[in-house]
Amino acid sequence: MKHVLAALIVLAGGATAQATEPLPSEDLGEMAAGRLRLESLLSEGARQAAPAAMARAEDSFACWITGPEYDDSGSMRCHDEFLAAIGRVEQSLAMPRRSLVAAH
């Protein structure tokens with residue numbers, strides 16, 4: 001339960017509530033950075049630009065932050081899937097911009 005509580009704090013944007021036994025700060029920091037990447041991509045229209053990759057990034061993020069409650073190796077798999085999916089989304093958003101810049 002401690003991992004789920006800590007992860008919910010991350011998802012809530014760093015609410016001041018504290019889990020009784022939080023994840024190590026480096027884990028929470030990485031989760032918070034992942035959440036910020038998701039939010040940034042959503043604000044840039046990632047759901048429209050790369051809907052399948054964005055859905056995968058969101059799903060794997062949710063899996064990653066709740067995974068330690070059940071299985072640390074499963075959580076790492078979700079972490080790796082999140083990084084791969086969010087990388088694909090970021091590439092999808094960057095490609096059209098490069099094309100426009102190259103055209104001018």
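Predicted model: local features only at pLDDT ≥ 70, side-chain atom pairs only at ≥ 80, totals over all residues.
The structure holds 3 aromatic pairs. By that I mean rings of Phe, Tyr and Trp, the last taken by its six-membered ring, whose centres lie within 6.5 Å; planes under 30 degrees apart count as stacked, over 60 as edge-to-face and the rest as tilted.

Residues are numbered from 1 along each chain as its sequence is written, and side-chain values use heavy atoms, with hydrogens and water left out.

Where do F61 and W64 lie? Both belong to helix α4, residues 51-66, and stand 3 residues apart, about one turn of the helix. Helices here are DSSP runs of H or I with at least four residues, strands are runs of E with at least two, and numbering starts from the N terminus. Both F61 and W64 are buried; that term denotes under 20% relative accessible area, with exposed meaning over 50% and partly exposed in between, for a 1.4 Å probe and protein chains only. Together with F82, F61 and W64 form one aromatic cluster.

Which residues does H79 contact, leaving aside its neighbours within four places in sequence? They are E30 and W64, where contact means heavy atoms within 4.5 Å. Is H79 buried or exposed? H79 is buried, because its relative accessible area is 8%.

Helix α4 also contains A62. With a relative accessible area of 37%, A62 is partly exposed. A62 and S75 are separated by 13 residues in sequence, and their C-alpha atoms are 9.8 Å apart in space.

Let me close with the protein as a whole. Its secondary structure comes to 5 helices and 0 strands, and the order from the N terminus is α-α-α-α-α. Of the 104 residues, 33% are buried. Among contacts between residues at least 6 apart in sequence, 53% join residues at least 24 apart. The accessible surface comes to about 6200 Å², with 59% belonging to carbon and sulfur atoms; the areas come from the Shrake-Rupley method with a 1.4 Å probe, and for residues only the protein chains shown count as cover.
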